[in-house]
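Please look at the chain shown here and follow it from one end to the other before reading on.

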Amino acid sequence: MTPSALSDKLMNFHLHRYKFVAVAGVIPGDGPIDAIQDIVRDSNSRALSRGALLNSPDPGLEINMTEDINKGSQSGERSFKSHQLNGLPDQVSSPVRREVASRSALGMNTPNNYDEIDVESGKSEEGREKTVRSSKRVLRIHNQALLAGLAYCFSSCSMILVNKYVLSSYNFNAGISLMLYQNFVSVIIVVTLSFLGIITTEPLTWRLMKVWLPVNVIFVGMLITSMFSLKYINVAMVTVLKNVTNVMTAVGEMYLFNKHHDNRVWAALFLMIISAISGGITDLSFHAIGYTWQFINCFLTASYSLTLRRVMDTAKQVTKSGDLNEFSMVLLNNTLSLPLGTLLVLVFNEVDYLSRTPLLRLPTFWLVITLSGFLGLAISFTSMWFLHQTGATTYSLVGSLNKIPLSVAGILLFHVPTSLENSASIFFGLLAGVFFARAKMRDRTRS
């Protein structure tokens, strides 16, 4: 092969290699044909150095190599863009240079366009995924809040209805024994869940029980009087008369804690008193003993709420963790109520009744009272769950609205004789409870 033919062959080989390099994104220089040869030689030497560095075990060399390549490509890109602005394709007179320049422009523009499309599509995909995830999260939160609210309403309504069924339909005359068995079931469940690690409870030390004993005495009295009143009064009137507890609590807060309420709260409390009086007057199944037990229950419930606020801070100081969650309070209250409840069973001579009643030989009766024990504990669990999913505002409002279906169910299930006046008084009292809950929300927000 002649030297000229060999030179032409090498020239074509370098041009083809340069076309490949240009399409791959390596930017050419700005000189004539000999400048292209210099670039090809530079690319050859750069490729050799790149291969040597890739085989090198030194990571620092690999990093320097990458930086050098990036710097070279960035400087070449700036050079090409400046020539493109100066009209390089129009100034190229040689067909070879024109082809190389057009190929290089194609090589630069196409990948960048693809990158922009990929980036934009990636952002849109990511945005759509975020939107879908956020909508699913909101839907999941709403579903959990709805489920928690339904569970709370079901457990609180069912507890009162089941107790009413045991005391009235079964005509069970041992309310203290019923309370004692329900608390025993709650203790067994809480201890089992704590042993399995599902919930956490504080250890019951002597110091903690000594601090908590005054609260527990009121707690036991509150449960027992609730049983006695529910035996004689229908469920609807019990829910209305329980509003008197709010009046006593508000007065106690004013005198004990120097807490003042706005006019809307006092207006709601006044409506509660009016509804309780009118409901009692129009109650066709009025029972003086039942009403007496219910007013004692209201007083003990208000006392429990006010005393609990004072004892809570002292009780937290004697615990090992410095805190006292609701599970610990459930365990503490129910455990301490067992010896006190046993003593009251002996004092009120319920042992003699329990030994004579045939109800204790009925499996269905044991099933119902065991269910009542589960429901009593379920109120604590579902109230915590619902309060965690929503908040104090929604929790208190739903608690007030929950009395409306409870009253209707109590009237229908137990065939309570009622009149239009009594039904209006009950409905008026329930609305007063809702109005009180909203007034307390605004009062709490302002304070």
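Predicted model: local features only at pLDDT ≥ 70, side-chain atom pairs only at ≥ 80, totals over all residues.

Residues are numbered from 1 along each chain as its sequence is written, and side-chain values use heavy atoms, with hydrogens and water left out.

**The whole chain**

The secondary structure comes to 17 helices and zero strands, where helices (H or I, at least four residues) and strands (E, at least two) are DSSP runs numbered from the N terminus. Of the 447 residues, 39% count as buried, a term that stands for under 20% relative accessible area, with exposed meaning over 50% and partly exposed in between (1.4 Å probe, protein chains only). Among the contacts (heavy atoms within 4.5 Å) with a separation of 6 or more, 84% join residues 24 or more positions apart.

**Two packed helices**

Two packed helices are described by the angle between their axes and the distance between the axes. Helix α7 (residues 206–232) packs against helix α11 (residues 288–317) at an angle of about 160 degrees, and their axes are 8 Å apart; the axes are lines fitted to C-alpha atoms over the stretch in contact, and angles run from 0 to 180 degrees between N-to-C directions. The two helices α7 and α11 are therefore roughly antiparallel to each other, a description used for angles over 145 degrees. Where α7 meets α11, the contact residues divide into 18 nonpolar, eleven polar and no charged.

**A residue in α7**

Is F219, at 11% relative accessibility, buried or exposed? F219, which has its place in helix α7, counts as buried because its relative accessibility is 11%. Leaving aside residues up to four places away in sequence, F219 touches N183, Y304 and N333. F219 and S337 are 118 residues apart in sequence, and their C-alpha atoms are 8.2 Å apart in space.

Most residues other than glycine have a negative phi. N258 has a positive phi although it is not a glycine, and H415 likewise has a positive phi without being a glycine.

Terms used
Parallel < 35°, antiparallel > 145°, perpendicular 65-115°, else oblique. Nonpolar A, V, L, I, M, F, W, Y, C, P; charged D, E, K, R; others polar.
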